[in-house]
Amino acid sequence: MIRAKKVYFHASKAEQDRLFACNRESARVWNECLQLAKNFYLEHKKWISKSELQKQTKGKFHLHSQSIQAVCHKYLFARDSSHQAIKKGRTTTRYPYKKKKHYNTKWAKDGFKIHPNGNIELSMGIHNGKREKPIVVHASNLPQGHIKEIELCYDNGLYLAVSFEDGQEKKAYQAGQAVGVDLGEIHTLAAFCKNGQALIITGRKIRALHRLRNKKLAEIQRLQSKCKKGSRQWKKYQRAKQYILSKSGKQLQDALHKATRNFVEWCVKQAVSDVYIGNPEGVQRNTRKKKKTSRKQAQKLSNWSFGKVKAYLKYKLMQDGIHMQEVDESYTSQTCPVCKKKKKVSSRNYVCSCGYQEHRDIHGARNILSKAIYGDIRHFDVPTTQKYLRIA
Ligand SMILES: [Zn+2]
């Protein structure tokens, strides 16, 4: 399977400068793509093709030819995805139009060389008939397996996104148990399997990290709001925000990886083949209550986490041949599956006057599973066997 890994590296100051220059140059390629596409459309009343775009950008930039091509491909991909979204009726989608100052540079198969000592040569291609000296960086934790592509990215520092073939076969899908998943709050994942087994993963660390980050962000936000937008001090606070987001992002990422890995291991034990995950459509209980950070900010953070968890799950489940699908989770937390009465849950347990009761999060997972299988909320008449997992 093709996998991706974030790799940090060492490079001399001079080489780092050249790397930054690459990403500025890639941005120039992107901007040129925008311009060429526009001109082509005005002149021919049709869209520029891949071969035309490649022809017109070839040899014009200070990068390896495949690195230039990679930007063209990304431009075309962005254009075509917007087109699909617009065709589906999304009114907020636009075709790519924004000029960029920095853009990730990609080196494909002929664009880099890896030496056994961990040195990576990134080719700069041939200019005026002369091969330019490659950029050399050193990485100590390159992934095992055949490396396919290297992308130069930036997130409070440069790093490489390395995609590689790990040589492992993806497991085939084999019909088995079905599981409903309720991502109740950012730090909990509750799952219910049709066979009655249930799992709750709570992460105090995730919750603590998330709280701390929100607190710090709110504090900076407060100070920043007193400055004039765009002023030097304002920019300083903006950078501080970026720093917190990036740093806490890394810690959260680790914790989320751990939580999702535990869940997938549990799925394998239960012989699960299908996972149904509730989609809250950007609404999450815990962040909604926080009035301190602006609503928009809170929303952004929770969407970020939800999207991450989903992406991690999908990826990890896929390796074990398990399918994952999203289910609209509206009313699943309120509805009693036995008598269909609706009520808001305020305590840890959902208790209905008809006698049904269940742990709040497992209740949600049960109803999500029912919605996925039957299309409405029904009761699975099996006793629940709960398992708690606390991740550090
Ligand atoms: Zn009831």
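I take a polar contact to be a pair of N or O atoms within 3.5 Å; within protein, one atom must be able to donate a hydrogen and the other to accept it, and residues adjacent in sequence count only if both atoms are side-chain atoms.

**Entry 1: conventions**

The model is predicted, so I took local features only at pLDDT of at least 70 and side-chain atom pairs only at pLDDT 80 or more, while totals for chains, interfaces and linings use all residues. Residues are numbered from 1 along each chain as its sequence is written, and side-chain values use heavy atoms, with hydrogens and water left out.

**Entry 2: the whole chain**

I looked up the secondary structure and found eight helices and 17 strands. Helices (H or I, at least four residues) and strands (E, at least two) are DSSP runs, numbered from the N terminus. Along the principal axes, the C-alpha atoms fill a box of roughly 80 × 55 × 50 Å. Of the 392 residues, 44% are buried. Buried means under 20% relative accessible area, exposed over 50%, and partly exposed in between (1.4 Å probe, protein chains only). I then checked contacts, meaning heavy atoms within 4.5 Å. Among those with a separation of 6 or more, 66% join residues 24 or more positions apart.

**Entry 3: His359**

I placed His359 in strand S16, residues 357-359. Is His359 buried or exposed? At 8% relative accessibility, His359 counts as buried. The side chain of His359 makes a polar contact of 3.4 Å with the side chain of Tyr388. Leaving aside neighbours within four places in sequence, I listed Ile200, Arg348, Asn349, Tyr350, Gln386 and Tyr388 as the contacts of His359.

**Entry 4: the zinc site**

Which residues are the protein donors of the zinc ion? I found Cys336, Cys339, Cys352 and Cys354, each through SG, at 2.2 to 2.3 Å from the ion. Donors are N, O and S atoms within 2.8 Å of the metal (3.2 Å for Na, K and Ca); water is not among the atoms, so sites may look incomplete. Along the chain the donors follow the spacing C-x2-C-x12-C-x1-C. Cys336 lies in the loop between strand S14 (323-328) and strand S15 (349-351), and Cys352 in the loop between S15 and S16, so this pair ties together parts that are 16 residues apart in sequence. I noted both Cys336 and Cys352 as buried.

The angles among the four donor atoms run from 101 to 115°, and the site is tetrahedral. Four donors count as tetrahedral if all angles lie between 85 and 135 degrees; four count as square planar and six as octahedral if opposite donors are over 155 degrees apart and all others between 65 and 115; anything else is irregular. For comparison, the ideal angle for four tetrahedral donors is 109.5 degrees.

**Entry 5: the six-stranded sheet**

I traced an open sheet in the order S14-S13-S10-S11-S12-S17, with mixed pairing. Two strands pair if DSSP finds at least two bridges between them. S14 and S17 stand at the edges with a single partner strand each, so one side of each is left without a neighbour in the sheet. The twist averages 20° from one strand to the next. Axes are lines fitted to C-alpha atoms, for helices over the stretch in contact, and angles run from 0 to 180 degrees between N-to-C directions.

Strand S13 (residues 272-279) runs parallel to S14, and six bridges join them. Val275 has Met324 in S14 as its bridge partner. Helix H4 (residues 204-224) packs on the sheet, touching strand S12 (197-203) and S17, with its direction at about 40° to that of S12.

**Entry 6: the three-stranded sheet**

I read the order S3-S4-S7 for an open sheet with antiparallel pairing. Strand S3 (112-114) and strand S7 (135-138) are the edges; each has a single partner strand, so one side of each is left without a neighbour in the sheet. Three bridges join S3 to strand S4 (residues 119-122), and Phe112 stands opposite Leu122 in S4. Helix H1 (residues 13-44) lies across S4 and S7, running at about 115° to S7.

**Entry 7: two loop residues**

I found Gln174 in the loop between strand S9 (158-165) and strand S10 (177-182). Gln174 is exposed, with a relative accessible area of 66%. Not counting residues up to four places away in sequence, Gln174 touches Ser273 and Gly321.

Pro383 lies in the loop between helix H8 (360-374) and strand S17 (385-391). Pro383 is exposed at 69% relative accessible area.
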